[in-house]
Amino acid sequence: MLVEMKHIYKSFANNHVLKDVSLRINEGEICALLGENGAGKSTLMNILGGIHQPDKGDIYLDGNKVVFDGPAHPINLGICFIHQELNLINDLPIYENIFLESEYKSGFRRVKHTYMIQETQKIFERMGVDLDPRTLVKNLDSSYKQIIEICRAVIMEASVIIMDEPTTSLTDSEIERVFAMMERLKEQNVGIIFISHKLKEVMEVCDRYTVLRDGKMVSEGQVADVTTKDLARYMVGYDVRTDKLVREREKGAEVLRAEQLTCEQKFRDISFSVYEGEVVGFTGLLGDGRSELFQTIFGADKITSGKLYLHDKEVKIRSTMDAIKHGIGYLPRNRKENAIIKDMDIVENSAIASWEKYARWGIIQHAVHKEKLSELQKTLKIRMGNYSNNITSLSGGNQQKVVLAKWLSTNPKVLVLDNPTQGVDVGAKEDIYDIILRLADEGIAVIILSSEATEILRLCNRTYVMYHGHLQGELTGEEMNEQTMMELATGGAASISVS
Amino acid sequence: MTEQNTNVMVRFLTWFKHNWSNSPLFSIFIALIVMVILQTIVLGFDYPTFGDWFQSWINNWLNILRNNASIAIVALGMTFVIMTGGIDLAVGATLVTTGALAMTLLDATGNGLLASMGITGWGAIVITIIVVIAFGYLLGALIGVTVSRGMVPPFIATLGAMMVFRSVTQHYMQGASPRVPSEFLLISNLKIGDYMIMPIIYWLVIAAIMYYISKHTTFGRQIIAVGSNERAARLSGINVKKVKFWVYALSGVLVAIAAIIQVSRIGSMDFAGSGRGMEMDAIAAAVVGGTSMMGGRGFILGTVYGMLIIAVLNNLLNLFGVPPLLRDAFKGAIVIAAVLLQRKEQTS
């Protein structure tokens, strides 16, 4: 089916979100929809998903004009929206999830389990998925969850599938799995709209692209004709750096040293050290245990055995509060679940970790925290309205900067950043990189956990690679390249390890 | 001139609409004002002089406030508990247990614990107050430990505690009819000027303290953080277990204070029936006041308004002569209506 959106306008109150945007998706084609946060991608897709009505402009399916009257309408016409937050029920098996909506459509009085299992099996064969339909969804990794969503779209006979940032929480090998699936859909003449911030992926998998900026369409064309640099420029409106940012530094004093840290089931025998003014990477595939390792060091979990030294003195960290007192900061992954208090305003979100530090008799020094935030707002380039606005009123990148401000106001000596640029747009990403380097210049030991090889390569002086809870090796200088990192991260070539 | 008037009108309406849809406290306050007006109208204006009318109006109000002071104090503690995403079903049972302890300690019929130890008079009263409050803390702390360290869901922990506390109290107090010394009654019945307003003063002072705690102390703000996103709170260096422990302990302390007020008002206590359904009234006051049962959102001021709304409603039902057994129906409807009103605001 050919979908065309022509000259779409949409505004909320006085905010013109879309201005004369057109989009076209051909059969059997993957079309990238690009743009920074707030560029209007979501609004455009919500219009195609029947959630919003356009103020002006029309939608044509195979040349026939349609007006959607609610989110169910486009689904019936074969347009399927896979949201970034997956709509799966963790405690149900795969097949029941796949039939969640169509169960009713087929007019079953009683849920026919065997029938659903068989049908799911058929879909899996068609799509080349090797899974038992009776597996509970909670036992699947993120890429398979994404694939289940896609299969659900297939069973609803979708001919256009919108995928909103399907790869943000996936590792490289899982991404490959999802891409293989997309290729299969393409062969079956399904059109796909692929929304992503990862330009490398766009180059790899997409046929055409459309870039939005500030609600306007700034560019469209064949992916083959452009480079990632071009796309980034279209998105932000100026040239984006891709150069290495890492600077050679004099090695300072040792700040943090771990000796044979072990936490059963999560990681074992981890030894490493970090020095002042250094940016150290920890990389690996999802499930390598690096987040768990640093959450444990941060006091959120218990250490089974092993020792931890700060400035050469052994420390026992029993709680996150202890960790903060010792000068350790930890910016977690998955901002929404782990870092944002959505019922609080911006200044409170930025101050929460240092309330205790400045409080007198348990009374919060609101004025001190406001002052801190206004200082940090300048250095971090946080774009926001009133301090008393809710944190959720900010874009992803600015939210992340507020979380960063929260940690900077605790004056950490070691700052652990777990996936610091997750869900952050290109411009804000570069800002965050600048901040990281400035922190290192100030003598803070910065530890970056990331699966994104380019991020590690651009920022870090050294990198540790983890695999299944083991430290697989340490890379510096020439050895630190994407290929070696990948080899170590997949469990191979442990011999490269040097220290 | 008229143009200016319409201008003012329009500006007032936009201001009103803005607040109505943005500030939950505002709509609750408006609801309260409506209740007050209703109450005033029902009371009537059939008095010889304005002074008489005013006197009767004031007396009616003081009655309402005094009658609800102890439960209003319980509701304040409940608000903190609910703000962490928990619930405290044990408040009624704790009230009866701490009340029973107070009366056993002070009993003036010859069996009083303190009297048998030779302590009488004001000394006995001061000791009783301290011991009872400490006991309230202990009962609350017991629940707090079960919830925070034992990871028992608050509903289960407090449901169990409710049954244990009430059953033990009833067993040991059966047949007993202790009587407190008359000095003790002064705690609630001391007249200031011509008015018996001590319970109201306790309520307002505690409400003010709780308001300050919720807005300006680390503990108060950490309650919101824990209720809103427990994981993020823990990863921000907040001692979640400590916060949870203290909301239940504080609730126990406030219940003990409420028990002292209740016992000293009438000098006796019905150990089988006292405090029954109190947890539901306290929850209702908090919820009508805009506190979210999911945690993370709550207002001490809202709970004060909520309590007043429920209290005035009770009084109105009384004045209208609605049969006692039918009154809960109205209360229930008001609670649901209040939440419906707030839900609309949240989704928009």
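Predicted model: local features only at pLDDT ≥ 70, side-chain atom pairs only at ≥ 80, totals over all residues.

User: What makes α9(B) and α12(B) roughly antiparallel to each other?

Analyst: Helix α9 (residues 198–216) of chain B and α12(B) pack at an angle of about 170°, their axes 11 Å apart. The cut-off is over 145 degrees. The two helices are therefore roughly antiparallel.

User: Which residues make the contact of α9(B) with α12(B)?

Analyst: From α9(B) come P199(B), Y202(B), I206(B) and M210(B). From α12(B) come L250(B), L254(B), I257(B), I261(B) and R265(B). By class, eight are nonpolar, none is polar and one is charged.

User: Why is α3(B) called roughly antiparallel to α12(B)?

Analyst: Helix α3 (residues 50–83) of chain B packs on helix α12 (residues 240–266) of chain B at about 175°. Their axes are 8 Å apart. Against the cut-off of over 145 degrees, that angle makes α3(B) roughly antiparallel to α12(B).

User: What meets what between α3(B) and α12(B)?

Analyst: Residues on the α3(B) side include R66(B), I73(B), L76(B) and F80(B). Among those they face in α12(B) are Y248(B), L250(B), L254(B) and I261(B). The class count for this contact is twelve nonpolar, five polar and two charged residues.

User: Are C151(A) and C263(A) buried or exposed?

Analyst: Buried means under 20% relative accessible area. C151(A) has 0%, so C151(A) counts as buried. C263(A) has 7%, so C263(A) is buried too.

User: Is Q400(A) buried or exposed, and why?

Analyst: Its relative accessibility is 4%. The limit for buried is under 20%, so Q400(A) counts as buried. Q400(A) sits in helix α16 (residues 396–408) of chain A. Beyond its neighbours within four places in sequence, Q400(A) touches L331(A), R335(A), N419(A), P420(A), V424(A) and I432(A).

User: Why is E371(A) called exposed?

Analyst: Exposed means over 50%. E371(A) has a relative accessible area of 53%, so the label is exposed. E371(A) lies in helix α15 (residues 366–380) of chain A.

User: How many residues separate E371(A) and Q400(A) in sequence, and how far apart are they in space?

Analyst: They are 29 residues apart in sequence. In space, the distance is 19 Å from C-alpha to C-alpha.

User: What domains does the assignment give for chain A?

Analyst: Domain 1 covers 3–236, and domain 2 covers 275–303 + 314–496. Their centres, taken over C-alpha atoms, are 31 Å apart. Twelve residues from domain 1 of chain A and 13 residues from domain 2 of chain A make the contact.

Definitions and conventions: Residues numbered from 1 in each chain as written. Chains lettered and ligands numbered in written order. Heavy atoms only, no water. Axes fitted to C-alpha atoms, helices over the stretch in contact; angles between N-to-C directions. Helix = DSSP H or I, 4+ residues; strand = E, 2+ residues; numbered from the N terminus. Parallel < 35°, antiparallel > 145°, perpendicular 65-115°, else oblique. Contact = heavy atoms within 4.5 Å. Nonpolar A, V, L, I, M, F, W, Y, C, P; charged D, E, K, R; others polar. Buried < 20%, exposed > 50% of the residue type's maximum accessible area, 1.4 Å probe, protein only. Domains from an automatic or database assignment.
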